[in-house]
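Q: I would like to learn how to read the packing in a model with two chains. Can we go through it feature by feature?

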Amino acid sequence: MTEWLNIILQGVLIGGLYAMFAAGLSLIFGVMRLVNIAHGDLIVLAAYVALMVTTSLGLDPLTSLVLVVPAMAIIGYLLQRLLLNRTLGDDLLPPLLVTFGLSIIIQNGLLEWFTADSRKLQAGAIEVQTFQVMQGVWVGALPFIQFIVAVAVIAGLQQLFYRTALGRAFRATSDDQSVAQLMGLDTRHVFAMAMALSLAVVAIAGVFLAVRANFDPSIGPARLIFGFEAVIIGGLGSMWGTLVGGVILGVAQAIGAQIDPGWQLLAGHITFLVILAVRPQGLFPKVSG
Amino acid sequence: MSVVSHTVQHATRSSRIGVALIAVTLIALALAPFWGDRQTLRLLAEVYAFVALASLWNLLAGYAGLVSVGQQAFVGLGGYLLFWLVIVLGVHPVVAIFVAGPVAALIAIPVAALTFRLRGAYFAIGTWVVAEVFRLLASQISVLGGGSGISLPAAAVIAMAPTRQAREFEIYWLALALTVIVLAAIVALLRSRHGLALTAIRDNELAAQSSGIGVFRIKIIIYVLVAFGTSMVGALIFLQKLRISPDTAFSVNDWTAFVIFITVIGGIGRIEGPIIGTIIFFIMRQTLSDLGSLYLLIMGAVAIVVMLWAPKGLWGLIAERYGWQALPLQRHLVLKPTKTSGRPS
């Protein structure tokens with residue numbers, strides 16, 4: 001009994017990480033209907049940026065967020081302003097193919113620069129600290145922090161969307177781009193801000209990913225798929241939905257891994273496909289794709 | 001009143017030249033075993049496979065608007081079906097290629113039912129998930145080597161042809177024939193009534209729908225047909241390699257990234273695009289492959305540049321500048337005034 005409780009709890013905590021993968025993806029889809037195929041590779045890029053920051057400045061991984069988050073946000077702003085804004089329009093192909101090309105460029109750029117060796121960020125003593133929640137059920141300090149951060153990130157995005165001027169601009173362009181423009185919004189800037197915010201979340205996700213497990217340049221696409229599955233399970237456009245989606249995915253993978261190590265990823269994918277079959281709009285749908 | 005009758009003409013001067021050139025090229029290629037060495041034959045067979053894969057993806061994405069990044073699902077499925085048929089059921093490898101196509105098409109129907117629930121770019125990633133599921137399932141099949149893969153048994157290989165040379169010739173001709181069949185089927189499809197509907201969907205889906213075209217139905221049909229062809233090509237690719245593993249069979253780089261770059265660079269939504277794209281791709285590969293991963297980086301950058309500044313690709317530029325078409329696919333309305341009866345108006 002406690003064995004399964006432990007497993008499910010681990011799955012829930014990993015789900016927080018998946019929710020962070022998903023939140024950035026969901027944000028830009030909500031604002032500009034862009035699906036960023038390079039999203040997973042940008043998460044890995046953030047992990048490598050954190051690796052450079054921690055090794056060159058001797059910072060603790062969690063402290064390095066102070067530099068990695070703004071760095072990724074700036075990359076996001078420029079990426080949108082200089083490249084991705086050109087691809088937006090009625091045609092589906094350009095954004096899809098340009099972000100696909102970007103994904104290949106980031107993967108191979110990282111491969112060229114950092115080689116295919118597995119890396120990991122060292123967070124020190126906190127990595128092995130655990131505490132007991134109840135008799136026989138233990139929680140790692142780091143996964144716990146990661147989950148709390150995920151909840152905070154999603155609550156923060158939710159607040160930003162509904163309480164700030166920037167959030168209003170996001171919602172306005174999301175509802176009707178041309179009317180938003182008529183109201184004096186510079187949509188190019190609004191889109192770039194959305195991408196900056198998306199990559200700020202990516203930065204946090206990337207650092208936690210890099211502390212939790214080994215990473216190398218090739219693991220991006222799988223992170224994109226986890227994020228995407230969490231978005232669809234949760235329902236397009238719903239921020240809290242991404243958290244539920246991430247948790248469901250995390251728990252499914254944890255249970256699958258317990259049954260047979262080969263079934264970890266498969267269990268996650270199959271859960272996603274089943275939800276797609278019985279409830280294609282996701283659990284908490286908000287916008288139609 | 002004058003009555004104007006009309007006929008629809010497909011051919012233009014450039015397409016007549018194009019067809020003649022293609023015929024001559026095909027004859028030369030069919031005779032390649034007599035003028036080319038082993039390396040040339042292997043390279044050409046690989047070129048054919050990519051022409052076929054890119055043409056099929058072009059039909060799917062360029063015409064039917066179904067941008068899939070998961071076609072490796074069907075390349076791998078075809079390969080695994082071939083190995084399963086040969087190893088477990090003892091089917092002759094060449095027969096297995098032709099069985100793999102229809103079986104994969106059957107599997108594609110429920111896959112379409114599921115992934116078609118996602119629209120646009122989310123459909124793209126959904127197809128990728130399916131490919132991942134196929135890859136993970138393949139690595140669970142212990143009779144086919146599980147995660148580490150398996151080689152085709154020597155007995156089955158020898159059953160194809162007694163000598164290595166004869167076998168290589170056979171695979172070469174099979175590859176050429178399969179690609180010609182795939183291309184001919186696509187051309188025939190595009191010249192048919194359904195082709196007109198497809199071209200309409202390519203140009204404007206909403207307008208096509210309101211003109212009474214059953215867009216959804218046509219998309220499902222195209223998806224299943226493309227799965228059919230892609231799996232046969234996949235089966236042939238792995239028959240040539242004589243070895244299969246989940247990672248090579250369901251590789252997103254080899255069977256989707258390259259195929260997309262080929263189609264985009266050559267010209268998406270045009271039948272000539274994938275052929276031109278494949279030629280450019282192989283020239284780039286032969287000259288830049290020493291660069292390792294930098295070469296993929298360059299490919300990605302070239303595809304982005306083409307997508308942004310020449311979205312119709314190289315053949316699109318040429319076709320628009322000179323009005324060329326290599327194959328008689330366009331429809332030209334030829335108006336002929338017939339004899340007037342009664343007063344001239």
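This is a predicted model: local features need pLDDT of at least 70, side-chain atom pairs count only at pLDDT 80 or more; totals for chains, interfaces and linings use all residues.

Q: How many residues of chain B are in contact with chain A?

A: In general, the size of an interface is often given as the accessible area lost when the parts come together. Here the contact is given as residue counts: 33 residues of chain B touch 33 residues of chain A.

Q: Which elements of chain B give two or more residues to that side?

A: They are α6 (120-138), α13 (252-266) and α15 (293-309) of chain B. The top contributor is α15(B), with 11 residues.

Q: How does the side of chain B that touches chain A divide by class?

A: There are 25 nonpolar residues on that side, along with five polar and three charged.

Q: Which residues touch the most other members of the largest nonpolar core?

A: The general idea first: in soluble globular proteins, nonpolar side chains tend to be buried together. In this model the largest nonpolar core has 204 residues, and those touching the most other members are A:Ala46, A:Ala47, A:Ala194, A:Ala203, A:Val207, B:Leu82 and B:Leu236. Helix α8 (residues 187-212) of chain A supplies the largest share of this core, 20 residues.

Q: What is A:Val207 in contact with, leaving aside its neighbours within four places in sequence?

A: Its partners are A:Ala46, A:Ala47, A:Ala50, A:Pro61, A:Ser64, A:Leu65 and A:Val68.

Q: At what angle do α2(A) and α8(A) pack?

A: Helix α2 (residues 39-57) of chain A meets α8(A) at about 65°, and the axes are 7 Å apart. Angles of 65 to 115 degrees count as roughly perpendicular, so α2(A) is roughly perpendicular to α8(A). The crossing of these two helices is right-handed. Among the residues making the contact are A:Ala46, A:Ala47 and A:Ala50 of α2(A), and A:Ala203 and A:Val207 of α8(A). By class, the contact of α2(A) with α8(A) has 14 nonpolar residues, one polar and no charged.

Q: How far apart are the axes of α5(A) and α6(A)?

A: The axes of helix α5 (residues 141-163) and helix α6 (residues 165-175) of chain A are 5 Å apart, and the angle is about 80°. That angle makes α5(A) roughly perpendicular to α6(A). On α5(A) the contact residues are A:Leu160, A:Phe161, A:Tyr162 and A:Arg163, and on α6(A) they are A:Leu166, A:Gly167, A:Phe170 and A:Arg171.

Q: How many charged residues does the contact of α5(A) with α6(A) have?

A: It has two charged residues, with five nonpolar and one polar.

Definitions and conventions:
Residues are numbered from 1 along each chain as its sequence is written. Chains are lettered from A and ligands numbered from 1 in the order in which they are written. Two residues are in contact if their C-beta atoms, placed from the backbone, lie within 7 Å. Helices (H or I, at least four residues) and strands (E, at least two) are DSSP runs, numbered from the N terminus. Ala, Val, Leu, Ile, Met, Phe, Trp, Tyr, Cys and Pro count as nonpolar, Asp, Glu, Lys and Arg as charged, and the others, Gly among them, as polar. A nonpolar core is a set of buried Ala, Val, Leu, Ile, Met, Phe, Trp, Tyr and Cys residues joined through C-beta atoms within 7 Å. A residue is buried if 20 or more other C-beta atoms lie within 10 Å of its own, exposed if 12 or fewer, and partly exposed in between; C-beta atoms are placed from the backbone. Axes are lines fitted to C-alpha atoms, for helices over the stretch in contact, and angles run from 0 to 180 degrees between N-to-C directions. Angles under 35 degrees count as roughly parallel, over 145 as roughly antiparallel, 65 to 115 as roughly perpendicular and the rest as oblique. A crossing is left-handed if the near helix is turned anticlockwise from the far one by less than a right angle, and right-handed if clockwise.
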